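I opened my notebook to jot down what I looked up, stop by stop. Here is the structure I had on screen.

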Amino acid sequence: MELGGYVMTKAMLGFDIGACELKLALWDGGCVRWAVSVPLPDHLVKNGVIISYTAMTDFIKETLREQHLKVKDCAVILPAAHAFLRRVTMPAMTVEQLRINLPYEFRDFLSLGKDQYFYDYAVNNLVTGEDGRPQEMDLTAAAVPKEIIGEYREMFRRAGLRLRTAIPAECAYSNLLRARQWPADREIAFLDLGHTASRLYIYTGTRFEATRAIDIGLATLDAAIADAMGVDEHLARTYKLANHQDVQSLESAHSIYNAIALDVRKAVNFYNFNNQGSDLRELVCCGGGAHIPALLEAIGQSVGLLLSPAADLLPPAQGDEENYNICAAAIGAAIQ
């Protein structure tokens with residue numbers, strides 16, 4: 001697992017395994033060449049966790065074959081259920097001292113013994129004293145169960161891939177900002193509009209500040225469309241993606257857009273209240289809901305922030321901009 005840097009010298013496939021879609025992106029070391037989102041079979045992922053690694057291996061192999069992909073190296077987004085991320089402040093110390101002390105920063109969050117996890121970190125800021133010597137470190141630190149990394153590594157190996165990087169979504173979006181050379185003092189937020197839930201990720205420069213969970217996801221919209229059209233939720237999801245018979249404009253759909261927008265506004269207001277010096281002005285929308293204009297409009301009217309597509313923040317890219325908006329996290333993993 002790695003947290004810092006994104007420069008690559010050869011092709012890398014980025015994977016973002018969601019609740020109902022597998023999102024992939026191809027990075028060649030200097031340009032995003034391609035991105036795609038593929039529907040997942042039912043019951044393969046639950047609450048962000050892969051239920052069957054064997055079945056997921058088979059699906060990844062089939063997808064690679066259908067997409068004619070022969071890239072060997074890959075990176076993956078770790079679900080929040082497996083990746084523990086913290087902003088911590090520690091006295092300045094050597095790398096070896098950090099290796100010993102960092103696990104204790106997670107002691108209240110981990111259910112297994114501290115030796116059962118991999119730990120990594122990125123240095124956000126180094127505070128020096130009057131004598132110029134380092135005194136304090138501001139870190140973004142992560143802990144991931146070794147067993148989970150082993151499961152992912154074996155899953156990709158069976159699919160004919162080499163897992164090079166596994167990172168939380170928070171670090172993937174930071175990579176996008178780093179690739180864009182985002183100003184260090186400029187705040188920005190990413191809103192991942194997912195199937196079972198949405199998540200808000202807030203940054204100052206490339207430095208991760210906070211995550212806020214929003215419990216309403218696009219599955220609620222699928223259920224509303226299914227009810228209005230008299231179909232099952234699988235077909236309703238297809239209707240939603242294609243905007244069949246203008247289902248995205250249903251009155252029940254707009255009620256859901258407004259509910260999501262209200263929760264996003266509450267999350268932004270909560271962050272601003274707890275960070276009185278905040279100057280958050282920009283919101284980047286990504287994930288499966290990024291292709292629904294009425295949803296984005298409702299969010300924009302509610303939060304009062306400048307809304308931007310994730311594609312605007314990418315390094316050089318080719319292909320379908322809509323896919324890049326949906327696959328932003330996978331791209332961020334690929335350019336790690």
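**Entry 1: around Tyr173**

I began with the neighbours of Tyr173, leaving aside residues up to four places away in sequence: Tyr173 touches Phe190, Asp192, Tyr201, Tyr203, Cys286, Ala328 and Ala329. A reminder to myself: this is a predicted model.

Next I asked which residues have the most contacts inside the largest nonpolar core. They are Tyr173, Leu176, Phe190 and Tyr203, in a core of 39 residues. Helix α4 (residues 169–179) gives this core its largest share, 7 residues. Apart from that core I found another, of 34 residues, and Ala253, Ile260, Val268 and Leu305 are among them. I noted the general background too: nonpolar side chains tend to be buried together in soluble globular proteins.

**Entry 2: strand β6**

I then checked how well strand β6 (residues 73–78) is covered, and 6 of its 6 residues are buried. Which residues point which way from β6? Asp73, Ala75 and Ile77 face one way, Cys74, Val76 and Leu78 face the other, and all are buried.

For partners of β6, I looked up two strands. Strand β1 (residues 12–17) runs parallel to β6 and is joined to it by 3 bridges; here Phe15 stands opposite Val76. Strand β10 (residues 162–168) also pairs with β6 in the parallel sense, over 6 bridges, and Ala75 stands opposite Thr165 in β10.

**Entry 3: an open sheet and a helix across it**

I moved on to an open sheet of 3 strands, with the order β7-β9-β8 and antiparallel pairing. Why does one side of β7 and of β8 have no neighbour in the sheet? Both β7 (84–91) and β8 (117–128) stand at the edges with a single partner strand each, so one side of each is left without a neighbour there. From one strand to the next, I read an average twist of 20°.

Zooming in, I saw that β8 and strand β9 (residues 134–145) pair in the antiparallel sense over 11 bridges. Asn125 stands opposite Asp138 in β9. Helix α3 (residues 146–158) lies across β8 and β9, and I noted that α3 runs at about 60° to β9.

**Entry 4: two helix pairs**

For helix α7 (residues 251–274) and helix α8 (residues 293–303), I found axes that come within 8 Å and cross at roughly 40°. The two helices are therefore oblique to each other, and their crossing is right-handed. I listed the residues that meet: from α7 they include His254, Tyr257, Ile260 and Leu262, and from α8 they include Ala294, Leu295, Ile299 and Val303. Ile260 had already turned up in my notes, as one of the residues of the 34-residue core.

How do helix α5 (residues 218–229) and helix α6 (residues 233–242) cross? Their axes also come within 8 Å, but the angle is roughly 105°, so I put α5 and α6 down as roughly perpendicular to each other. Among the residues that meet are Leu218, Leu221, Ile225 and Met229 in α5, with Ala236, Arg237 and Tyr239 in α6.

**Entry 5: Arg107**

My last stop was Arg107, in the loop between α2 (95–101) and β8. Is Arg107 buried or exposed? With 58% relative accessibility, Arg107 counts as exposed, because the cut-off for exposed is over 50%. I also took its separation from Gly150: 43 residues in sequence and 22 Å in space, C-alpha to C-alpha.

Terms used:
Residues numbered from 1 in each chain as written. Predicted model: local features only at pLDDT ≥ 70, side-chain atom pairs only at ≥ 80, totals over all residues. Heavy atoms only, no water. Core = buried A, V, L, I, M, F, W, Y, C linked by side-chain atoms within 4.5 Å. Buried < 20%, exposed > 50% of the residue type's maximum accessible area, 1.4 Å probe, protein only. Helix = DSSP H or I, 4+ residues; strand = E, 2+ residues; numbered from the N terminus. Contact = heavy atoms within 4.5 Å. Pairing = 2+ DSSP bridges. Axes fitted to C-alpha atoms, helices over the stretch in contact; angles between N-to-C directions. Parallel < 35°, antiparallel > 145°, perpendicular 65-115°, else oblique. Left-handed = near helix turned anticlockwise from the far one by under 90°.
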